[in-house]
Amino acid sequence: MKNFLAPSILAGNHANLSDALNIAESDGRKWIHLDIMDGHFVPNLSFGPQTVSDLRKKSELFFDVHLMLDNPDLYIDAFAEAGSDLITIHIEPNYNHIETVQRIQSLGKKVGIAINPSTPVSGIIELLEQVDVDLVLCMTVNPGFGGQSFIGDVLQKANQLKQLRETSNKKFLIEVDGGVCPEHVKPCLDVGVNIFVAGTAYFRESSAGRSVFARSTGEEI
Ligand code: DX5
Ligand code: ZN
């Protein structure tokens with residue numbers, strides 16, 4: 001399975017988000033992580049489909065779009081139309097998860113399911129049995145803000161997902177998101193993590209530091 005570092009654009013300058021996009025592109029990154037927040041599911045607001053669409057016009061990067069919304073089912077078409085490559089929805093809010101996964105797939109997009117730190121893997125087992133998702137996102141902070149501290153306990157969930165992937169012959173990638181710093185990469189790799197979302201720790205590094213960070217994940221540079 002391929003590994004990637006996915007810079008989180010939430011940590012960029014929101015007066016000119018394309019700056020962060022350009023940094024990731026010039027560093028040779030392949031993915032960019034875009035956090036969409038509604039102020040309900042998470043206590044923060046970020047940006048919407050128009051921003052994604054405008055950024056899409058400026059970049060060929062793989063858009064890993066993370067919907068932290070109470071009703072993501074209402075916005076799938078808008079974010080697919082805006083140019084998302086992968087759309088991740090959370091299991092916690094009450095909407096039809098299976099239908100929403102199938103809608104994302106019907107629009108030709110890859111799909112992820114996200115679980116918050118307090119949500120056990122058992123909370124998505126039924127969904128994983130019913131549909132083939134491309135990615136499982138294990139939040140390593142309580143969602144809403146960048147710059148928080150990494151919650152190490154989440155790694156036992158990643159390990160459970162790694163074992164489930166092996167025994168069920170599923171092909172989903174495992175992503176960690178929130179507070180990820182270079183020192184977290186090795187322990188995460190040991191439990192099968194493939195995608196490392198990093199905002200604060202990525203953009204505060206120098207160019208050389210960012211490349212070392214990306215290479216440590218196993219990303220082919
Ligand atoms: C938090 C977001 C994360 C966040 C990561 O709710 O889902 O993607 O932007 O940012 P850092 O790496 O700054 O913690
Ligand atoms: Zn995110």
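A pocket is found on a 1 Å grid over the protein atoms alone: it is an open set of points where a 1.4 Å probe fits, with protein on both sides within 12 Å along at least five of seven lines, and lining residues have an atom within 4 Å of a point. Its volume is the space filled by probe spheres set on the points, which are joined across faces, edges and corners.

One note before clicking: this is a predicted model, where local features need pLDDT of at least 70 and side-chain atom pairs count only at pLDDT 80 or more, while totals for chains, interfaces and linings use all residues. Residues are numbered from 1 along each chain, and side-chain values use heavy atoms, without hydrogens or water.

Start with the largest pocket, which holds about 270 Å³ of space. Select Phe145, Gly146, Gly147, Gly178 and Gly179: of its 26 lining residues, these lie nearest the centre.

Next, pick the zinc ion (ligand 2). Which residues coordinate the zinc ion? They're His33 (NE2), Asp35 (OD), His66 (ND1) and Asp177 (OD), at 2.0 to 2.3 Å; donors are N, O and S atoms within 2.8 Å of the metal (3.2 Å for Na, K and Ca). Both His33 and Asp35 are buried, meaning under 20% relative accessible area with a 1.4 Å probe, protein chains only.

Last stop: show Tyr202 and Phe203. Both are buried, and they form an edge-to-face aromatic pair, 4.9 Å centre to centre with 90° between the planes. Rings of Phe, Tyr and Trp (its six-membered ring) pair if their centres lie within 6.5 Å, and planes over 60 degrees apart count as edge-to-face.

Notes
Chains are lettered from A and ligands numbered from 1 in the order in which they are written. Buried means under 20% relative accessible area, exposed over 50%, partly exposed in between (1.4 Å probe, protein chains only). Rings of Phe, Tyr and Trp (its six-membered ring) pair if their centres lie within 6.5 Å; planes under 30 degrees apart count as stacked, over 60 as edge-to-face and the rest as tilted.
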